[in-house]
Amino acid sequence: MSAVIRARDLGKRYGRRWALSDCTLDVPAGHVVGLVGPNGAGKTTLLNLAAGQLTPTTGDIEVLGGRPASGAGQLARVGFVAQDTPTYAGFTVAEHLRLGARLNPRWDDALARDRIARLGLDPGARAGKLSGGQRAQLALTLGIAKRPELLILDEPVAALDPLARREFLQGLLEATAEHGLSVVLSSHLLSDVERACDYLIVLVDSRVRVAGEVDDLLAAHHRLTGPRRDPARLPSGQDVVTASHTDRQSTLVVRADGPIHDPAWTVARLTLEDLVLAYLDSGGQTGRPALEVLR
Amino acid sequence: MIWLAWRQFRVHAALTAGALAALALYVALTGPGLADAYARGSAGCGGEEACVRFAQTFFLDHQLSFTALSVLVLVLPGVIGLFWGAPLISRELEAGTHRLVWNQSVTRGRWLATRLSLGGVAAALTSGLAVALVSWWSEPLQRAAPQHARMEPLLFGVRGVVPFAYALLAFLLGVAVGTVLRRPLPAMAVTLAVFTAVQIAVPLVVRPHLLPSTTVEARFTPGNLRGIFSEGPGEPVQLEMSKPAGAWTLAEQTIDGSGTVVKGVDVSLDEGPCAPQGSPPAPSAQCFEMIDRLGYRQRTTYLTADRFWPLQGIETGLYLLVSAGLAGFTFFWLRRRIS
């Protein structure tokens, strides 16, 4: 499995504050990867480093085997839709497409026009007059019609209402399927990740807590409920993610290589949300993780 | 990329083209008449005294327009820096659109180079056109009023090639300030303040030292004395000497026989040889003899009229050098600091 993003000991400092430190991760190709984590985990910084908007203070990052934004060729291979999906307020929709056509050698004009028509966007409308959802769609269209090998989206749906969010993610999935591109998107909305992503990376405090294909992760994680016992005495191959105990009863979230055979446990499957929350809990940080759960 | 740079510039371009067209129209409508009136007036004025009077009246009649047009060219670079330079990058940074445009398949360096080139060429062209129009229009007025020589500090900055370098400098200063401050309004304020300071400081402290000036110590003669006066009873009696035509006087002092600078000369205007006589009143020949005997000389430091083009060349080169430095700084800042 080749990596589209490969970070080693990556760090970014603003003044005295480290927005990201010692981050090591691999993002595999051919997936729609969801990057989740609490606010301040370094998601935006990581994605901006990958897009070449930022340069690292320490460590290395490789994107599609090259240094981010190292030249026009590298820029052409990576699409980036920044947070809040910026567009030129004074430009019309058609002018944005023209901008894309002028600035990108692999620009797919038919694709762009087709998407705009399907979305029902008026080509003559100024971007400043569009709704947040329409602007996000316009920014996504620019990102897709550029025909990148990797598309990076930083909280693309954060400002959208639920319906617009669903439409946006739908459009993203269609484009992904059609053009076979890899996608990395960050979100703090787990429902979006569940809907759109087939690979999950949980980032807490610059560290990868867990990473893997969503189906594999769901199959490998269980909630065990049973008589109280010491989690350290579980058989090998079963790693405890979180444990909570009452006087007589223990509830564990474990990651297991195979099925759980111990009859003392009541075994339940986890939802993706439970799974992510379990990993965020296990960090032992004070206070609740700032992760919103929206359905 | 040129398309994008032009698309973002076209409103400025249209406004500027409109303003230049208005200026050209005014100059085209009034310029020929002005030149004609001066040519006819100075040919048909008759005696020397009448010609001087004609020239004075002619200049006074058009002084308002002359001043207005000169001021227009003087403030043009500042306006360019303020409205073209300062918002160029800062507006992108404020709106976040840099994150859109820097992720197309164009490097930041090329993006900046294209935008700076378009703005820089437009700034130089605008300024060059305005200078050409106003210089041509003002020509008969400057001939009528030789005291308004192009070496004079204010006119020097609105004639020749210096204004186009000024415009380029103001534009790039605005861009650099905007890139650092990241907000258009503070960037505009700082650009205006810094550029105004440059425009004041250069004629005062830089320009006088760019070329060696000439210092002469001359005796007073009836031919070179421009005035002998006192500001009131008991005040020192001062002497003024006429200056070389078109020169820029940097300093003028009266010295006594020992070479010391004096405030006034030790002669009386109320009685004796220096009391005004005749019509128009003038000091007598004995007065000059007396001043000479007392050892008074006028020490004048000036840059002669023929230094105009060398001075323009040096100053233009200086501005271009600073402009290049500002552009380089902006490239550096955009690549290293905004990341």
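This report describes the fold, surface and nonpolar cores of a predicted model.

## Basis of the model

Residues are numbered from 1 along each chain as its sequence is written, and chains are lettered from A in the order in which they are written. Local features need pLDDT of at least 70 and side-chain atom pairs count only at pLDDT 80 or more, while totals for chains, interfaces and linings use all residues; side-chain values use heavy atoms, without hydrogens or water.

## Overall form of chain A

Chain A contains 9 helices and 13 strands, taken as DSSP runs (H or I, at least four residues; E, at least two) numbered from the N terminus. Its C-alpha trace spans about 70 × 40 × 35 Å along the principal axes.

## Burial

In chain A, 52% of the 295 residues are buried, meaning under 20% relative accessible area with a 1.4 Å probe, protein chains only.

## Nonpolar cores

A nonpolar core is a set of buried Ala, Val, Leu, Ile, Met, Phe, Trp, Tyr and Cys residues joined through side-chain atoms within 4.5 Å. The largest has 127 residues, of which A:Leu153, A:Leu200, B:Leu4, B:Trp111 and B:Phe171 touch the most other members. Helix 2 of chain B (residues 48–95) gives the most to this core, with 14 residues. A second, separate core of 28 residues includes A:Ala7 and A:Leu203.

Note on methods: Buried < 20%, exposed > 50% of the residue type's maximum accessible area, 1.4 Å probe, protein only.
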